[in-house]
Amino acid sequence: MTDRAETIKVIRSALRQRSGKTWSVTGGRGTAWGWLTITAPPARRAGSSMTVEDQTELAGLLGVPFSFARGGVMVAASHDHWREFVARAEGRTPPVIAQPYWD
């Protein structure tokens, strides 16, 4: 995936197909433009927090530890990270686990 809008669309669609639920997948703004946030939609949140059930389900769908999903899953602004999370959302093993590009 090289296009942010397409990546968002694919992740959102894959999660809905696998879970039967709508998930919020949004892109950052300003200097965080390429970062993505995956979380429950506002209608399923208590204030700004996801329920424990949604946190658990999202962690399972993406194959990440529960602690990663507590406030939603943040996906770094790189094509490797986007590809990794498209694969995770689709239920596939990511071909490559993206590495942090920051210190």
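In counting charges, Lys and Arg are taken as positive and Asp and Glu as negative, while His and the chain ends are left out. On this basis the chain, which is a predicted model, carries 13 positive and 9 negative side chains. The centres of these two sets lie 5 Å apart.

The next topic is the fold. The chain contains three helices and five strands. Read from the N terminus, these elements follow the order α-β-β-β-β-α-β-α.

The overall dimensions come next. The C-alpha trace spans about 30 × 30 × 25 Å along its principal axes. A compact globule of 103 residues would have a radius of gyration near 13 Å, and the chain agrees with this because its own value is 13 Å. Of the contacts with a separation of 6 or more, 47% join residues 24 or more positions apart.

The surface and the interior may now be considered together. The chain exposes about 6,000 Å², of which carbon and sulfur atoms supply 54%. Of its 103 residues, 41% count as buried. In soluble globular proteins, nonpolar side chains tend to be buried together.

Here the largest nonpolar core has 23 residues, and those touching the most other members are Ile11, Leu15, Ile38, Leu58, Leu62 and Val73. Two or more core residues come from each of helix H1 (4-19), strand E2 (36-39), helix H2 (52-62), strand E5 (73-75) and helix H3 (79-89). H1 gives the most, with five residues.

Note on methods
Residues numbered from 1 in each chain as written. Predicted model: local features only at pLDDT ≥ 70, side-chain atom pairs only at ≥ 80, totals over all residues. Heavy atoms only, no water. Helix = DSSP H or I, 4+ residues; strand = E, 2+ residues; numbered from the N terminus. Rg over C-alpha atoms; globule rule 2.2 N^0.38 Å. Buried < 20%, exposed > 50% of the residue type's maximum accessible area, 1.4 Å probe, protein only. Contact = heavy atoms within 4.5 Å. Areas by Shrake-Rupley, 256 points an atom, 1.4 Å probe, with all protein chains shown as cover. Charge placed at Lys NZ, Arg CZ, Asp CG, Glu CD. Core = buried A, V, L, I, M, F, W, Y, C linked by side-chain atoms within 4.5 Å.
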